[in-house]
Amino acid sequence: MQQRTTKTLHSDWRSAWPQALELWNTYIKLREPIWCQTEDAARKEGLSGSFAMIRLTDHLVVIDLSQVDQNQVNAFGLQILAHEIGHHVYIPANLHDNARLLARMRWGLAGIEDRAPLVANLYADQLINHHLHQDKGLDMAAVFKKLGSGITPSPVWTWMLRCYEHLWRLEKGWLIGKANCSEEMDADASLGASLIRSYARHWLDGAGRYAALLYPYLLEDADFTAARQSIVLLADATECGAGGAGISGLARMDEAELGEIVDPRLEALGKAGLQDKKAGKAAAANRLPDANGDVEVKQRYRNPGVYIDLMQQVDPLADAKTLIILYYRELALPHLVPFPTDDHRPFAELLPEGTDSWENGDPMEELDYLESALVSPQIIPGYTTRKRVYGTADDSSDDPTPLDLYVGIDCSGSMVNPAQHLSWPVLAGAVVGLSALRAGASVKAVLSGEPGSYMETNGFVNTENEVLAVLTDYLGTGYAFGISRLETDFTDEREKKTHIMIITDDDIFSMLGANAEDGRLGWDIAEQALTHARGGGTIALHSQSDWREKERKQLQDMGWRTHCVADEEELLAFAAAFAKSHYGIEDQRP
């Protein structure tokens, strides 16, 4: 019986698919949904708990026909299919906008940011359903009437249905039945209906307000269990980005996002609005602490921990290590040197190399009449006609070869974890390392917190991921970068010239003055490494410029360049300038 029912459903709903597409636009080209006859088949497609879902990664709709029958919504194929199409063409429409929607929602859900995917799903649902009901004439209210008959209402469910009653001018209780709806909830539902109408065209701007409206009803259910149980059937887009974590542009926060914390209740009373945007930005910044507590930094960058949380809501399958690599790559990208370009200008004058047959269709100016006449006094195009062939002389000069780069980052206990706070040394290392790779150099990345631990790439490598995988890791051991690390690569003279860069703090001088395992001082190791590298060395110090002047002069006398930054944020400007001078297209030099 079940199999016969799902077969009938398949036929009926499949015939409704073209009509559902036309409700949005005649020219929309979405593939037909994946029709699952059983719950097991649906689970294999990633669908569980609901009877429908969308996937933004491959632009598909998945329908569980057995759940459709179980929830007795067989007669609403057109409404449900049109709704799912709405997620693809209206909200969220694509992976990037879905990520931006979740980012806005999180600001309005302080302390319960984990619920952002479901709240974003409800917001999208209400916008789509109102459009279909009000503008396309579909009876969406009947769908919720049927679904509501088998659900124990939670505050979230009741608020949402009461919002629909306001939107569609239904009598109070037509959808919510006898569920408890206080005067306060009724007023909030009215505000929600107004918000859906007002932000239909600019839905991203209304996301934070919607989250603020729903916030107290989410808190009423401390474990969120009742709310989840009552609205799980509507969760058709909570994991729509699974498998699509490679989205760029989310490490930085835009101004609109920072000004989004507005409670429509206060706004309706004239106590909140445009004048609160400055306060909203301050609150947003305070919720994004960075390693140094700098307000300007907080407003420009998303905290790495917050970034990982957000991106794992966008893509529940995303790996935290992959995400933190994406984060630092994105922040480094604007500061990298441009990709090198080839200049195809001739190096010398053209040299004659003989003749070849001139064919019909070849340019007339290439026809050599003298050579043609020597072949035969009778000119026959394509048979006796000749053209001269030229070659070029090779240029004997060598192209500039970029220096390989050894980039060592202090990862001792005084350094922050780059996955939890924005690490300026790691960002600076990413800028110089990726710029060197762009220029065609090989790079070795080393993290060192010694005495203690170290981590490094497998020699000098040529891929971004290998370099960033090391730089974005964390040790938190010891007190300084271990100078003895340099012995691994610079015991003997390297075949290719290499520049050594170390980013550390004043504690490096204690390491330089200590004895290595072979009894030599760190100073001796530093001098030997610089000699064998043959490409110079730079030590960037988080230090005041008038500190440890004697020790810095000793380094400079060896040939090391030292650069002091009073604030770690200055490391970014230093790294960008270093990358341009050593790996910029016009400045590459052996």
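Me: In β3, which residue is the bridge partner of A52?

Reply: Strands of a sheet pair through backbone hydrogen bonds, either parallel or antiparallel. In this predicted model, A52 has I63 in β3 as its bridge partner. Strands β2 and β3 (residues 60–64) run antiparallel, joined by 4 bridges.

Me: What is the strand order of that open sheet?

Reply: The order is β1-β3-β2, with mixed pairing. β1 (34–36) and β2 (52–55) each have a single partner strand, so one side of each lacks a neighbour in the sheet. On average, neighbouring strands are turned by 15° against each other, direction ignored.

Me: Which helix packs on this sheet?

Reply: Helix α4 (residues 77–89) does, touching β1, β2 and β3. The direction of α4 makes about 25° with that of β2.

Me: In which sense do β10 and β11 pair?

Reply: Strand β10 (residues 498–505) and strand β11 (residues 534–542) are parallel, over 7 bridges. D505 has H542 in β11 as its bridge partner. β11 also pairs with β12 (residues 560–565), again in the parallel sense, over 6 bridges. There, G537 stands opposite W560 in β12.

Me: Which residues touch the most other members of the largest nonpolar core?

Reply: In soluble globular proteins, nonpolar side chains tend to be buried together. Here the largest core has 144 residues, and M105, Y123 and Y210 touch the most other members. Beyond its neighbours within four places in sequence, Y210 contacts residues including M105, Y123, W159 and I196. Another core, of 27 residues, lies apart, with V446 and M511 among them.

Notes: Residues numbered from 1 in each chain as written. Predicted model: local features only at pLDDT ≥ 70, side-chain atom pairs only at ≥ 80, totals over all residues. Heavy atoms only, no water. Core = buried A, V, L, I, M, F, W, Y, C linked by side-chain atoms within 4.5 Å. Buried < 20%, exposed > 50% of the residue type's maximum accessible area, 1.4 Å probe, protein only. Contact = heavy atoms within 4.5 Å. Pairing = 2+ DSSP bridges. Helix = DSSP H or I, 4+ residues; strand = E, 2+ residues; numbered from the N terminus. Axes fitted to C-alpha atoms, helices over the stretch in contact; angles between N-to-C directions.
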